[in-house]
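This report describes a sheet and some backbone features of the structure shown below. Please keep the sequence and the 3D view at hand while reading.

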2 protein chains.
Amino acid sequence: MNADMEKIWGKTFAKRTEKIKSSVIRELLKITQQPDIISFAGGLPAPELFPIREIEEACRYLLPRLGQKMLQYSPTEGIQQLKEFLAEKMQKYGVPAEPENILPTHGSQQALDLIGKVFINEGDKILTSRPTYLGAIQAWNAYAPEYMTVRMDDHGMTVDEMEEILKNHKIKFIYVLPNFHNPAGVTLSLERRKKITELAEKYDTFIVEDDPYGELRYEGEDLPTLISMKKERVIYLSTFSKTLAPGLRLAWITAPSFVIKKLVQAKQGADLHTGTFVQYIAWDVADRGIIKAHVKKIREVYKRRRDLMLEAMEKYFPKKGVKWTRPEGGMFLWVILPEGVDTAKLLEKAVERKVAYVPGFAFYPNADDGHNTMRLNFSNASEENIVEGIKRLGELLKEELGEK
Amino acid sequence: MNADMEKIWGKTFAKRTEKIKSSVIRELLKITQQPDIISFAGGLPAPELFPIREIEEACRYLLPRLGQKMLQYSPTEGIQQLKEFLAEKMQKYGVPAEPENILPTHGSQQALDLIGKVFINEGDKILTSRPTYLGAIQAWNAYAPEYMTVRMDDHGMTVDEMEEILKNHKIKFIYVLPNFHNPAGVTLSLERRKKITELAEKYDTFIVEDDPYGELRYEGEDLPTLISMKKERVIYLSTFSKTLAPGLRLAWITAPSFVIKKLVQAKQGADLHTGTFVQYIAWDVADRGIIKAHVKKIREVYKRRRDLMLEAMEKYFPKKGVKWTRPEGGMFLWVILPEGVDTAKLLEKAVERKVAYVPGFAFYPNADDGHNTMRLNFSNASEENIVEGIKRLGELLKEELGEK
């Protein structure tokens with residue numbers, strides 16, 4: 001049967017389909033989905049914190065009153081109430097946004113895809129950090145760009161290499177994850193934020209600022225977003241997935257209205273519009289101040305989990321040649337092991353011990369890098385499981401590094 | 001400000017962005033959105049029929065029980081319960097589908113986009129009817145195919161020309177709207193269904209069967225779907241938008257699992273997965289038999305509206321050289337006026353009289369055709385407005401054709 005299918009369909013796929021193959025990582029992660037495993041591999045919020053009752057209240061309140069609108073087709077541009085709410089929210093963060101600067105999308109993943117569709121020609125060069133967010137690479141690979149990368153340190157993506165690259169290459173855009181970087185866990189310093197926006201202007205390019213975790217800060221001071229510094233050259237992405245619930249698939253783009261118009265046209269062809277029903281629910285929940293209260297709660301819980309994970313790592317992880325980041329927020333931390341350790345191979349042994357992580361090589365757009373790194377998620381597992389999982393992982397690493 | 005934006009962004013758009021310009025039609029339709037207009041232009045279901053209470057019940061029942069799952073990330077492949085329901089539904093229609101043959105999407109529009117992404121290389125040839133569904137053209141234009149078209153008659157797309165084209169061109173796929181064609185209102189005959197599936201095999205191509213209205217039949221017998229005749233060469237699309245509510249943005253693809261796998265990979269990059277929340281709601285509502293009962297109600301109401309529109313057209317429309325289709329189901333009928341009438345120009349006058357339609361040229365993929373045609377929607381307006389609107393339109397047409 002499959003041979004027949006291969007014969008009929010095998011040669012019909014578009015060239016780009018080669019580039020949108022399922023990632024190695026996805027296959028790898030399948031082995032981590034056994035029910036009794038302690039997984040630090042995903043990027044899931046803690047489901048026990050979801051404001052389920054409040055969302056049910058929103059349904060119960062809204063449907064009898066606005067049901068006919070909530071269930072009908074709606075404009076590609078998004079529903080006005082939600083856009084007004086989001087524009088105001090952006091204003092509070094120092095971005096003079098109006099509803100015409102906002103486009104609700106089916107998650108930030110769709111925002112990344114629409115940006116790819118609207119901007120990337122085959123061979124266009126995108127400047128990003130190494131490591132960088134896997135989902136962006138997956139979205140953009142369908143449009144066949146090249147990636148130019150700069151290394152990261154404790155203050156985020158480095159800017160010295162960046163100017164070299166900008167000087168020598170026409171860069172379509174710079175992709176920046178400013179806060180609590182996924183996967184690296186670090187936050188871009190204020191100085192570098194300024195520098196990157198200056199470079200974007202100097203070399204006449206633009207910035208895609210991807211900020212899903214900005215509100216999940218557990219210590220230190222909020223830093224201004226890049227869009228607040230140079231709004232005419234930044235497309236800013238944020239989402240309800242981390243502050244409310246990812247199952248709604250709701251995020252938004254903030255950009256110059258000139259750009260939003262093009263993104264709207266692309267979205268019209270891509271899926272007509274974002275779900276009317278979920279836009280109304282998110283608007284109601286946000287408008288009643290529930291997200292604000294909810295974020296406060298998440299911050300407390302995730303901070304505790306982060307602290308617990310860091311403590312456990314201190315206690316159980318080998319020390320020699322092993323480093324990890326101490327994120328000020330977000331959901332991930334990043335471990336760098338000694339050169340020569342292959343975290344992809346090691347994953348099998350970890351899974352045997354019922355603990356999982358994401359091998360870091362997956363986050364390097366130009367392959368063959370980061371083999372000695374791993375990403376750990378601290379938002380999803382229970383406190384008990386965090387300690388137990390880190391203990392198991394620490395023991396494995398110690399054996400692997402010959403410390404035991 | 002806009003000049004500045006043009007300067008910064010104007011040259012950065014990808015080449016394909018030219019092709020995904022907002023359609024002329026969209027601009028035209030903006031003038032039809034005045035509140036006091038009787039619009040036959042949209043393709044909206046009747047909102048007063050939405051099963052609002054039943055959807056609220058689903059929220060109230062499901063959230064306390066399955067809230068943590070409904071609000072969490074879920075597999076790109078879709079939630080198992082919904083896929084099982086849909087596979088069974090397809091089986092009832094003679095398609096031996098399993099859950100692995102089903103992929104839930106954000107509306108059929110996303111299904112069309114994913115098909116474009118996975119299959120269309122620049123310059124690939126797609127065979128479709130003229131006229132054809134506008135949304136498909138919008139989705140696929142981003143991938144820059146060529147369109148080869150065959151004319152339609154009262155029995156759907158014609159097959160004589162089709163074989164000529166298949167003989168002389170490598171066709172990537174044949175796009176078929178079998179039931180109550182949008183915009184033409186006609187249904188593909190059984191004989192032609194068979195013929196098209198045979199042609200697909202003979203010329204080693206495949207079929208995209210787009211069937212949003214299949215369940216909305218008001219008279220006559222259901223005809224077998226093309227996928228039930230040759231499941232190994234058909235990608236079949238259907239949706240909850242017409243039978244439940246478009247605001248949920250929920251549709252599904254049925255195809256060989258070999259093809260579903262590729263579509264899943266593309267969807268992963270496009271938006272990660274279809275909203276978990278709405279998948280659960282649709283599953284619950286469908287599983288409780290509510291959609292079935294709802295479809296029965298819709299059929300009655302839409303049939304009455306269709307009949308009323310046809311009666312009013314009989315009464316008010318000019319006769320000489322004017323033809324229209326009598327659809328056995330769906331939401332649209334199609335009017336052909338004498339050569340020389342330009343329905344795009346006429347729309348302005350219609351809007352002055354507070355009635356609107358879609359000029360038919362919009363449905364011709366290779367432009368410059370169908371200037372004397374229009375599409376009328378009969379599902380959305382009230383009975384009173386249908387009669388009044390057709391009266392106004394009839395009077396305008398009579399004046400235009402000099403019958404008054």
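In this predicted model, chain A holds an open sheet of four strands in the order 10-11-14-13, with antiparallel pairing. Strand 10 (323-324) and strand 13 (358-359) of chain A are the edge strands, and each pairs on one side only. Strands of a sheet pair through backbone hydrogen bonds, either parallel or antiparallel. Strand 13 of chain A is joined to strand 14 (residues 373-377) of chain A in the antiparallel sense, over two bridges. Within this part of chain A, Pro359(A) stands opposite Met374(A), which belongs to strand 14 of chain A.

The next topic is backbone geometry. Most residues other than glycine have a negative phi, and most peptide bonds are trans. The table lists exceptions.

| Site | Feature | Value |
|---|---|---|
| Asn182(A) to Pro183(A) | cis peptide bond | omega about 15° |
| Asn182(B) to Pro183(B) | cis peptide bond | omega near 15° |
| Leu272(A) | positive phi | about 70° |
| Phe180(B) | positive phi | about 55° |

Pro183(A) lies in the loop between strand 6 (171-176) and helix 9 (190-202) of chain A. In chain B, Pro183(B) is placed in the loop between strand 6 (171-176) and helix 9 (190-202). Phe180(B) is also found in the loop between strand 6 and helix 9 of chain B.

Leu272(A) sits in the loop between helix 11 (257-271) and helix 12 (276-287) of chain A.

Are Leu272(A) and Phe180(B) buried or exposed? Leu272(A) is buried, because 24 other C-beta atoms lie within 10 Å and the cut-off is 20 or more. Phe180(B) is buried too, with 25 other C-beta atoms within 10 Å.

Definitions and conventions:
Residues are numbered from 1 along each chain as its sequence is written. Chains are lettered from A and ligands numbered from 1 in the order in which they are written. This is a predicted model: local features need pLDDT of at least 70, side-chain atom pairs count only at pLDDT 80 or more; totals for chains, interfaces and linings use all residues. Two strands pair if DSSP finds at least two bridges between them. A residue is buried if 20 or more other C-beta atoms lie within 10 Å of its own, exposed if 12 or fewer, and partly exposed in between; C-beta atoms are placed from the backbone.
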